[in-house]
Structures are given as C-alpha cells and as structure tokens.
Amino acid sequence: MSKHDGKKKAKHEEKAPETDAPREKLRRKDYQRELGELQVELSALQSWIKRTGERVVIVFEGRDAAGKGGTIRAITERLSPRVFQVVALPAPSDREKTQLYMQRYLQHFPAAGEVIIFDRSWYNRAGVEIVMGFCTEDERDHFLVATPWFENNLVEQGITLIKYWLEVGDAEQERRFRARIEDPVRQWKLSPMDLESRKRWYEYSRARDLMLSATDTDTAPWSIVRSDDKKRARLNVIRHLLSQFPYDPLPKTKVKMPDRETDDAYDDQASMVDRRWIPEHW
C-alpha cells in the first residue's frame with residue numbers, strides 16, 4: 001500500500017477549506033520538491049495499473065481558466081503516454097452530431113492497464129452546451145437523468161471512474177483572463193467562447209449547481225478542488241488521485257549499462273561531417 005494509505009473508492013467526507021484568510025504563497029522550490037515526490041508515487045501507480053490491468057477514467061471539469069490543463073500536465077509529464085492518455089476532443093463534426101451523445105467518448109475508453117484522462121468530457125452537455133445554446137433544455141435534462149445510470153454501469157463493468165471539478169473564484173478567473181489578454185505568448189489560450197463564458201458567470205454557476213446535484217452519486221462522486229492557487233490545487237489533486245488506489249511502491253531495481261560491441265567499429269562521426277547541420281547560434 002502507498003504511503004498515502006487511501007482506499008479505492010474512498011468516501012469523500014472532507015469539508016470545503018476555509019477561504020476567509022489568505023494563505024501564504026507556496027514557494028516554487030517547495031512546490032517542485034513536493035511535486036517531484038508525488039510524481040515518483042505516480043510512477044509507482046503507473047506500474048501497478050499496468051501490472052493489474054486496471055482500467056481508469058479520470059474526468060476534469062471546471063470553469064474556463066480553472067487550471068485543468070496545468071493539473072493534467074503535472075500528473076502526466078513524467079509518465080508514459082501509452083498508459084496515461086489525455087483526451088481533449090474538439091467540437092463534434094456534422095457526422096458526430098447525429099450519433100448517440102456518448103458515442104464519441106466511448107471510443108476513447110481504456111483497455112486493460114490504461115488510464116484515460118478527459119480534459120472536458122461528456123459533461124460538456126451540462127455546461128458549455130446548455131449555457132451557449134448548443135443543446136436544448138430537454139437534451140440537457142435527459143443527459144442529467146441518464147448519466148448516473150451510464151456511470152454506474154461503467155463502474156459495474158470494472159472501470160474506476162474519478163471526477164474532478166476545479167472551482168476557481170470570480171476574481172481569480174478575471175485575473176487569469178487579463179493575464180492572457182496582455183501576454184502575447186498566452187493569447188492563444190483565449191477564444192471568443194472563453195470571453196463569452198466570462199460574461200455568463202452566473203449562468204455557468206447555475207449549470208454547475210444543477211449538474212452536481214444530479215450526478216454526484218456514491219458510485220461516481222464529484223471531487224471538488226479549490227483552484228485559485230494553481231500549485232496547491234495540482235498537489236492536492238495528485239495526492240487525492242494516489243489515495244484512490246492500493247498501489248505498491250516502486251521496486252528498487254539495479255540496471256546495468258551494457259558495453260558497446262566493437263567488432264564492427266568504424267569512425268561514425270567522420271561520416272557526419274558534411275551533413276546538413278543547423279546553424280549553431282548558441
């Protein structure tokens with residue numbers, strides 16, 4: 001069992017953290033140290049998932065600029081993309097619009113020994129689609145009724161389903177949007193849809209409340225993450241994720257570097273001298 005001593009499908013009983021008093025800023029050095037230790041644990045989790053054939057689906061939802069992408073990168077940057085796979089689907093094509101709603105998501109579900117992370121998921125229907133008018137209220141209501149049944153069926157079929165909602169505050173979302181507007185390197189993160197979502201803050205709040213009320217079940221609970229502090233949010237998510245599995249520590253195996261074979265040795269650098277090397281400005 002990991003040092004986090006969590007149980008698979010653990011109950012979520014923690015209350016929301018207090019927000020009245022501002023917390024001391026987490027120093028980058030401390031963040032990097034904590035993240036490094038957690039990423040070692042994630043490597044152990046990856047080995048355990050491959051060995052046991054576990055099938056895992058992780059859903060990340062939240063408002064725009066809530067920090068979903070950065071959190072997913074913190075989880076996956078030291079792991080194999082063949083085991084921890086990130087799915088971020090674009091808007092549906094004309095053909096996909098005629099399919100069953102869940103159909104385009106199901107084709108990405110995991111086989112044995114795989115983790116699929118959805119950067120936004122089927123919950124688009126309960127969020128951006130209803131707020132922006134891309135679906136009707138009847139379609140949204142049908143989704144909210146059908147989804148608990150759908151997710152319960154996934155769990156009964158042996159899939160571990162973990163759902164995170166990243167909750168960013170009004171002032172912090174505005175600050176992040178302004179930073180993107182003013183920084184040309186980050187402007188690519190902004191779309192007309194993002195700016196429209198900022199204007200419709202309370203519509204998104206109502207959609208969020210309805211979604212959580214309908215789909216936060218004992219079988220597939222929502223785990224809420226306070227994400228005004230990105231660094232703390234990432235660490236908290238990874239620690240919580242690790243606590244959901246009874247994985248084993250990484251074994252300390254000794255790897256020996258093999259000697260090069262020299263029977264067919266030749267000057268393999270001389271053959272590269274006249275190749276098309278790029279200019280070296282640094």
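Predicted model: local features only at pLDDT ≥ 70, side-chain atom pairs only at ≥ 80, totals over all residues.
The largest cavity has a volume of about 110 Å³. Of the 15 residues that line the largest cavity, those closest to its centre are E61, R120, G127, V128 and W165. Two elements, β1 and α9 (201-215), each give two or more residues to this lining. The greatest contribution comes from α9, which supplies four residues. Sorted by class, the lining of the largest cavity consists of seven nonpolar, three polar and five charged residues.

The second largest cavity has a volume of about 40 Å³. Its lining is formed by R63, D64, Q173, S197, W201 and Y204. These residues divide into two nonpolar, two polar and two charged.

The largest nonpolar core has 34 residues, and L45, I58, F60, I75, F84 and Y164 have the most contacts inside it. Helices and strands both take part in this core: α1 (28-52), β1 (55-62), α2 (68-76), β3 (114-119), β4 (159-167) and α10 (230-242) each supply at least two of its residues. Among these elements, α1 gives the most, with eight residues. A second, separate core of 23 residues includes Y123, F143, A220 and W222.

Leaving aside residues up to four places away in sequence, which residues does Y164 touch? Its contacts include I58, V59, F60 and E61. Further along the sequence, Y164 also touches W222, S223, V225, V237, H240 and L241. Two of these partners, I58 and F60, are themselves among the residues with the most contacts inside the largest core.

Why can α2 be described as largely enclosed by the rest of the structure? Seven of the nine residues of α2 are buried, and the helix is therefore largely enclosed. The buried residues are K68, G70, T71, I72, A74, I75 and T76. One of them, I75, is also among the residues with the most contacts inside the largest core. The surroundings of α2 comprise several elements: its buried residues pack against the helices α1 and α10 and against the strands β1, β2 (84-87), β3 and β4.

Methods. Residues numbered from 1 in each chain as written. Heavy atoms only, no water. Core = buried A, V, L, I, M, F, W, Y, C linked by side-chain atoms within 4.5 Å. Buried < 20%, exposed > 50% of the residue type's maximum accessible area, 1.4 Å probe, protein only. Contact = heavy atoms within 4.5 Å. 1 Å grid on protein atoms, 1.4 Å probe; cavity = no way out; pocket = protein on both sides within 12 Å on 5 of 7 lines; lining within 4 Å. Points joined across faces, edges and corners; volume = space filled by probe spheres on them. Nonpolar A, V, L, I, M, F, W, Y, C, P; charged D, E, K, R; others polar.
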